[in-house]
Amino acid sequence: MTPLWIAIALLLLPALWLLVAPMRGARVLRDQLDHFEANDTSAEQNVAIFQRRMASLEAARERGDIDDARFNEDRLELERSLLEDTATQAKRPLKAASAGRLVVPLVMVAVVGASTFWYQQNGAEGDLTLYAIQEEIRNDPEGSLMMFLERMEAEAERQPNNPNVWSSLFRLYRDTGQPDKAVDALERLIAIEGRIPPLLAQLAQLRFFMAERELTPEVQALVDETLELDPRQPTVLGLLGIHAFDNGDYETAVDRWRRAVANISDPETAASLRDGIRVAQERMGVAPEPSAAAQGQGVRVSVSLDEALADRVSDDATVFITARDIDGELPPLAVTRARVSELPMTVVLDDAAAMSPQAQISQVREARLVVRVSESGQATPQPGDLFGDLESVSVGPIREDATANVVINRVFE
């Protein structure tokens with residue numbers, strides 16, 4: 001942590017310099033002000049102006065331009081103006097150039113103290129400590145998982161409100177076969193981060209396996225709470241699939257695992273769930289679905305533009321060819337782009353055209369095809385875009401004799 005505090009000190013130096021810099025010119029500035037005040041002739045100038053105006057006023061009375069009443073009124077106004085001008089000239093004596101010097105060190109100490117306190121409360125010192133521990137264990141030839149666990153337990157006492165500490169401890173307790181402590185660490189993490197679906201799902205899964213793969217009332221309550229917040233939470237769906245499989249309800253298990261695969265990001269976990277799906281299908285007596293890579297699952301699409309709309313777009317307009325799930329719950333399963341000048345054309349939508357591993361066309365049996373022409377090239381539909389779609393297109397092995405035809409024949413309002 002020493003380099004960190006050195007860096008913080010270096011960052012504070014410019015701020016402290018800004019506090020000290022004005023003091024260096026304080027004596028010169030004080031001398032300039034003193035010289036200015038010593039040679040200030042504004043009072044004499046005001047008196048001279050008053051005398052000239054009074055002389056003009058008396059001359060006007062002698063000529064008969066004004067009577068005595070007007071003369072007295074104007075004279076009072078001039079005298080009042082002179083008093084106001086001379087009153088504002090009164091100045092407080094200048095303070096010594098060294099006045100207030102003791103305040104600057106106090107402000108400097110306050111700046112340093114406030115910065116240090118703020119960083120300790122809101123900075124990442126604790127996370128940097130965790131990172132240093134991880135690097136130390138990783139680079140230590142004799143470092144072990146138990147040594148890492150001991151260091152993290154010590155940090156939990158020092159940083160009881162750091163969620164990263166409890167997240168690390170949860171995984172360490174789980175991996176070292178200490179489920180009770182893992183539950184405690186996860187509950188502490190939930191108390192800090194809130195009852196969010198991923199954490200609730202992990203707690204439900206942990207308690208599910210601790211209960212020997214039974215849906216106890218406690219586990220069921222966690223499952224219900226998680227699904228109410230996120231009906232597509234993959235960890236809970238995987239748990240429910242395991243429970244259904246153990247009870248011989250293979251059809252439900254396949255359904256739960258398929259939904260979990262559609263929303264999971266870890267490829268290894270997704271592969272395990274697909275293996276479970278194949279085993280469940282074998283026990284149901286149906287032919288297991290081959291993998292997407294082996295089978296080449298996707299959709300072959302033929303796209304054309306209605307001649308009646310051909311004059312509404314230019315040849316350079318962008319064509320988006322998209323496959324979506326039937327329920328519209330997932331991101332686009334596959335997307336490819338082309339130009340109007342290339343139409344009519346035939347494309348293949350498969351996992352190679354997926355936008356993310358969480359949503360691939362091989363995860364569904366049917367898809368909805370949407371083809372849109374955008375003059376601006378924007379991915380978001382705009383009024384005036386041309387489009388065409390096709391519902392419930394079967395997803396399967398890509399063959400030339402199984403081509404879906406989509407005609408661009410409508411205008412997006």
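A contact is counted when heavy atoms lie within 4.5 Å. On that basis, residues 24 or more positions apart account for 60% of the contacts in the protein with a separation of 6 or more. The model is a predicted one, in which local features need pLDDT of at least 70 and side-chain atom pairs count only at pLDDT 80 or more, while totals for chains, interfaces and linings use all residues. Residues are numbered from 1 along each chain as its sequence is written, and side-chain values use heavy atoms, with hydrogens and water left out.

**Overall composition**

The secondary structure comprises 15 helices and 9 strands; helices (H or I, at least four residues) and strands (E, at least two) are DSSP runs numbered from the N terminus. Of the 413 residues, 33% count as buried, where buried means under 20% relative accessible area, exposed over 50%, and partly exposed in between (1.4 Å probe, protein chains only). The protein exposes about 24,900 Å², of which carbon and sulfur atoms supply 52%; accessible areas come from the Shrake-Rupley method with a 1.4 Å probe, and for residues only the protein chains shown count as cover.

**Helix 10**

Helix 10 covers residues 197-210, and its 14 residues should span 20 Å at 1.5 Å a residue, which agrees with the 20 Å between its end C-alpha atoms. The expected span is 1.5 Å times one less than the number of residues. Among the buried residues of helix 10 are Leu 199, Leu 203, Leu 206, Arg 207 and Phe 208. An α-helix has 3.6 residues a turn, so residues three or four places apart point the same way. The buried residues of helix 10 pack against helix 8 (163-175), helix 9 (179-193), helix 11 (217-229) and helix 12 (234-246). Glu 212, which follows helix 10, has a positive phi near 55°.

**Aromatic pairs**

A search of the whole structure finds 4 aromatic pairs. Rings of Phe, Tyr and Trp (its six-membered ring) pair if their centres lie within 6.5 Å; planes under 30 degrees apart count as stacked, over 60 as edge-to-face and the rest as tilted. Two of the pairs are tabulated below.

| Pair | Centre to centre | Angle between planes | Class |
|---|---|---|---|
| Phe 208 and Phe 209 | 5.3 Å | 70° | edge-to-face |
| Phe 387 and Phe 412 | 6.4 Å | 75° | edge-to-face |

Phe 387 lies in strand 6 (residues 386-394) and Phe 412 in the segment after strand 9, so the pair ties together parts that are 25 residues apart in sequence. Phe 387 is buried at 18% relative accessibility, whereas Phe 412 is partly exposed at 31%. Phe 208 is buried at 0%, and Phe 209 is partly exposed at 40%. Elsewhere, ring pairs link Phe 245, Tyr 250 and Trp 257 into a cluster.

An open sheet of 5 strands has the order 3-2-5-6-9, with antiparallel pairing; strands pair if DSSP finds at least two bridges between them. Strand 3 (334-339) and strand 9 (410-411) stand at the edges with a single partner strand each, so one side of each is left without a neighbour in the sheet. Strand 2 and strand 5 (residues 366-374) pair over 8 bridges, and Val 319 stands opposite Val 373 in strand 5. Asp 316 is in the loop between strand 1 (297-305) and strand 2 (318-325), and counts as exposed at 60% relative accessibility.
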